[in-house]
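Open the model in your viewer and keep the selection panel at hand.

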Amino acid sequence: VSGDGGKSSIITRLDGWMKALLMLLLPVTRGAVACMVTFAGCKFLILQREESKIVMKVLCMKFAIQIDELMVKSLLTAGIRRELKQAKFMTEWGRPKEHSLWDN
């Protein structure tokens, strides 16, 4: 990781195990969690007969889905969140074009 005056970070190199972890473990984990939450949420809502309870359970599920965002906001400092937002990947062939879909 290299930085220029603390304003942004450019990730220049990832080891092989880091690439494997990013490409295999993270999407598989996210997919498994998404499937489990979807199944539990559907079962959670289908088993109710009263409309008021369904509305309350929908609000509970919305909170459960937003837990990861709330954890990031509560556990990371504002400086670290800003640094994560500004981090960019540098490829072997240089940076993506300015208005490219890869430049988020």
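Start with α1 and α2: α1 passes α2 in a right-handed crossing (right-handed if the near helix is turned clockwise from the far one by less than a right angle, left-handed if anticlockwise). Select residues 16-46 for helix α1 and residues 51-65 for helix α2. Helices here are DSSP runs of H or I, at least four residues, numbered from the N terminus. This is a predicted model, where local features need pLDDT of at least 70, side-chain atom pairs count only at pLDDT 80 or more, and totals for chains, interfaces and linings use all residues. Residues are numbered from 1 along each chain as its sequence is written, and side-chain values use heavy atoms, with hydrogens and water left out.

Look along the two axes. They come within 10 Å and cross at roughly 165°. Axes are lines fitted to C-alpha atoms over the stretch in contact, with angles from 0 to 180 degrees between N-to-C directions. So α1 is roughly antiparallel to α2 (over 145 degrees).

Now show the contact, meaning heavy atoms within 4.5 Å. From α1, pick Val37, Gly41, Phe44 and Leu45; from α2, pick Ile54, Lys57, Val58, Met61 and Ile65.

Zoom in on Phe44. Lys57 lies over its face, 4.3 Å from the ring centre (the cut-offs are NZ of Lys within 6 Å of the centre and within 35 degrees of the ring normal).

Next, select α2 with helix α3, residues 67-75. Their axes come within 4 Å and cross at roughly 50°. That makes α2 oblique to α3. Highlight Phe63, Ala64 and Ile65 of α2, then Ile67, Asp68 and Leu70 of α3. These residues make the contact.

Note on methods:
Helices (H or I, at least four residues) and strands (E, at least two) are DSSP runs, numbered from the N terminus. Angles under 35 degrees count as roughly parallel, over 145 as roughly antiparallel, 65 to 115 as roughly perpendicular and the rest as oblique.
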